[in-house]
There are 2 protein chains.
Amino acid sequence: MTTREECAALDAADPLAALHGEFALPEGVLYLDGNSLGALPKGTAARVAGMVEREWGEGLIRSWNDAGWFAMPHRLGERLSPMLGAALGQVVVCDSTSVNLFKVLGAAMRLRPGRSTLLAEHAAFPTDLYITEGVTGLFDGARTVLLPRAADLGEHLGEDTAVVVLSHVDYRTGELLDMAAITEQVHAAGALMVWDLCHTAGALPIELDACDVDFAVGCGYKYLNGGPGAPAFLYAAQRHQGAAAQPLSGWFGHARPFAFEPSYAPTEGIGRFLTGTPPLLGMAGLDAALDVWEKADLAQVRATSLALTDLFLELVEPLGLESVTPREHALRGSHVSLRHPGGYAVMQALIARGVIGDFRAPDLMRFGFTPLYLSRTDVFDAVRHLAEVLESGEWREERFSRRGAVT
Amino acid sequence: MTTREECAALDAADPLAALHGEFALPEGVLYLDGNSLGALPKGTAARVAGMVEREWGEGLIRSWNDAGWFAMPHRLGERLSPMLGAALGQVVVCDSTSVNLFKVLGAAMRLRPGRSTLLAEHAAFPTDLYITEGVTGLFDGARTVLLPRAADLGEHLGEDTAVVVLSHVDYRTGELLDMAAITEQVHAAGALMVWDLCHTAGALPIELDACDVDFAVGCGYKYLNGGPGAPAFLYAAQRHQGAAAQPLSGWFGHARPFAFEPSYAPTEGIGRFLTGTPPLLGMAGLDAALDVWEKADLAQVRATSLALTDLFLELVEPLGLESVTPREHALRGSHVSLRHPGGYAVMQALIARGVIGDFRAPDLMRFGFTPLYLSRTDVFDAVRHLAEVLESGEWREERFSRRGAVT
């Protein structure tokens, strides 16, 4: 069994250790929930304050040009592109993941006229299913078919399949799908592939272009550390941009937004996926987070992430909890979920000790591993707390029971 | 002609003068563009910093409950409600105006099955037309008819009219429409009325409930001073909420968002108009702006706004510029637009002097009047600059010519 001293030695040798100081984590907190809301980079407060006090307060309306506000959705998209394996001109930052998914699903349905089925996974993050349902309801004859599991895709793909939407990493189990193989399988059936990258971006390197992905969306506030409700991103492969007609046709996607023409004429390129005025305070937050990402090697992030999840799985083994997260590296994202019938209370007891993960009904305790600010000793200490909570039985205390709180 | 001394005397007696100190305007700037991007309230920087450093940085994921993040879209909606004449439970703050318009138009179309025409005004703010076009494209047989002018509504309203969408205040001319009369006219034809309140909210009192309005949307960053790209708002009359099915059915609009159910089941009430995770940094900005609005009497804002636009119209009269803004109070919003063939350059010359308005093609100089931070002496001084720019001919200098800049 790995000791705390061994953890410390490995931490000292980890190339990402130098980045831990970039984050402002509170004293006494072991934060294993960066897969839900990333930690605060130390540079963010100044960047956001600059947006508020200098760009808005002093620049006022002039900042649309002078401070580059118009270009922000594109500029942030360009900063993200290398992390997604995307050549420039295919990513924009805007709106929420849900809204962006609506746009790409709407565009994708129109790119496959004559086909009417959307395939999604039953266990997908629900907003993906709700948005898919929303899109289905707007296209005549369209229907959504839910796969029992992503692995059942082959049985359901067919000549009527227009679009397949899947999460690259499952938000509950942490299972990682094979992007290249599945995208190829979907293309072989003549359908388009939309990936939800919410639990991927910033967690592991991906190659959207190399995998020939059609569309992708993802959020800015998890592993990317963009801040609560940070704007999301949207990828549309260059080859689809010319024909793509997304339904949320707002003025920021217009070819000449300031000509104030009465008819919509989408701009060339990825810009046509923009809709309304960009949320600039949130964009400043994501911009600051990307400063940290510029210093990080994503391959190293993946290597350390696997080391952290390996370590966690090793250390919790004696506790006898079932892990629903795959052991195989190729199938694992950057979080681990453990099953416990009293999972809600156990997590509350951990949080009371400053060990923050989260709970997903009915019985999953979810722990996220973020090498930019989490070390092996943090993992060691977190598992020690978990062991104490379970052994002492303190999680059975009334104060940790579910009282209708939403976590 | 009103003198500067008279302006100063009237300013000193204005009940809103006490609020001018709440805003952080740069030295040497006369800001007449609050109708495009409101000025920065002094309390905003601290509120946003608190969101970043305390709620996010220290509270981390716990702030969803502990700092009330889940409730923000509703809480801000409740704070706005009195300014809109809306009883509680009918307003949420979320997304952009464009996205929110898509939601209410989609919902409205479904509330009028068998009717297929959307009526909008040819001169509407373009994103309203583009979004209307986007919605039209998704409903079988639907079509958009553009009214040459809002006044032509009567000729086009008919048994096939499902929805009418109009701007309460025209973004170019500043013309104010009669909300009560038009809403009644639309209802008499069996159609639903959607108001765009972008140039209304925070500019004058309105009575959405009393006018029996069906739906409304508006933005947070103009007169409300919520900050660049601040989240927008959405009003849905209580009587429609039960049956309203808006197409952007994301998890924040679900009855049980954390039950992670595969099927969409909209929550009761206005919450079903929410979609994705709320943009919390932007919401903090709007929250701080609403602190100032709590100290302002909107009837007084309207009275002073009319005094400022009256004064401006009086003072520019000798300059011989045509105003496209109605003289009659009942027909005037809170900005004035003057026509000048060299309007772009004249505005650039004004901006170089620190007098900030904006330009709308082909020939309109637009000046916004915001009594929370603009005084009569400001207006007097601004007109003096305008007179000097015109009389000196300095606007003809090369540096003020259009070079493709977007303003």
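Guide: Let us begin with a word we will need: a residue counts as buried when its relative accessible area is under 20%, as exposed when that area is over 50%, and as partly exposed in between. Please also keep in mind that what you see is a predicted model.

Our spot is Thr132(B). Is Thr132(B) buried or exposed? Its relative accessible area is 0%, and the limit for a buried residue is under 20%, so Thr132(B) is buried. To find Thr132(B) on the screen, look for helix H6 of chain B, which covers residues 126–136.

Which residues does Thr132(B) touch, once those up to four places away in sequence are set aside? They are Leu105(B), Leu118(B), Thr144(B) and Val165(B). Take Leu105(B) from that list: Leu105(B) and Thr132(B) are 27 residues apart along the chain, and 7.4 Å separates their C-alpha atoms.

Gly174(B) is 42 residues from Thr132(B) in sequence, with 22 Å between the two C-alpha atoms. You will find Gly174(B) in the loop that runs between strand E5 (161–167) and helix H8 (179–188) of chain B. Gly174(B) has a relative accessible area of 0%, which means that this loop residue is buried. Leaving out residues up to four places away in sequence, Gly174(B) touches Val169(B), Pro326(B), Leu331(B), Arg332(B), Gly333(B) and His335(B).

From Thr144(B) to Thr377(B) is 233 residues in sequence and 45 Å in space, C-alpha to C-alpha. Thr377(B) sits in helix H13, residues 376–392 of chain B. With a relative accessible area of 13%, Thr377(B) is buried. Beyond its neighbours within four places in sequence, Thr377(B) is in contact with Arg4(B), Cys7(B), Ala8(B) and Asp11(B).

One more stop in chain B is a peptide bond. Ala361(B) and Pro362(B) are joined by a cis peptide bond, with omega at about 5°. Pro362(B) belongs to the loop between strand E12 (358–360) and strand E13 (364–368) of chain B. In chain A, the peptide bond from Ala361(A) to Pro362(A) is cis as well, with omega near 5°, and Pro362(A) has its place in the loop between strands E12 (358–360) and E13 (364–368).

That brings us to how the two chains are related. Chain B is superposed on chain A by a rotation of 180° with 0.0 Å of shift along its axis, at an RMSD of 0.0 Å. The two copies are therefore related as by a two-fold rotation axis. The same surface serves both copies, as 100% of the contact residues of chain B recur in chain A.

A compact globule of 407 residues would have a radius of gyration near 22 Å, and chain A, at 22 Å, agrees with that. The C-alpha atoms of chain A fill a box of roughly 70 × 60 × 40 Å along the principal axes. How much of chain A is buried? The share is 66% of its 407 residues. Among contacts between residues at least 6 apart in sequence, 72% join residues at least 24 apart.

Leu10(A), in helix H1 (residues 4–13), is partly exposed, with a relative accessible area of 46%. Leu10(A) and Ala307(A) are 297 residues apart along the chain, yet their C-alpha atoms are separated by 9.9 Å.

Asp95(A) has a phi near 50° and lies in the loop between strand E2 (91–94) and helix H5 (97–111). At a relative accessible area of 15%, Asp95(A) is buried. Phe260(A) has a positive phi of about 50°, and its place is in the loop between helix H9 (238–241) and helix H10 (280–293). Phe260(A) counts as buried, at 10% relative accessibility.

How values were computed: Residues numbered from 1 in each chain as written. Chains lettered and ligands numbered in written order. Predicted model: local features only at pLDDT ≥ 70, side-chain atom pairs only at ≥ 80, totals over all residues. Heavy atoms only, no water. Rg over C-alpha atoms; globule rule 2.2 N^0.38 Å. Buried < 20%, exposed > 50% of the residue type's maximum accessible area, 1.4 Å probe, protein only. Contact = heavy atoms within 4.5 Å. Least-squares fit on C-alpha atoms with pLDDT ≥ 70 in both. Helix = DSSP H or I, 4+ residues; strand = E, 2+ residues; numbered from the N terminus.
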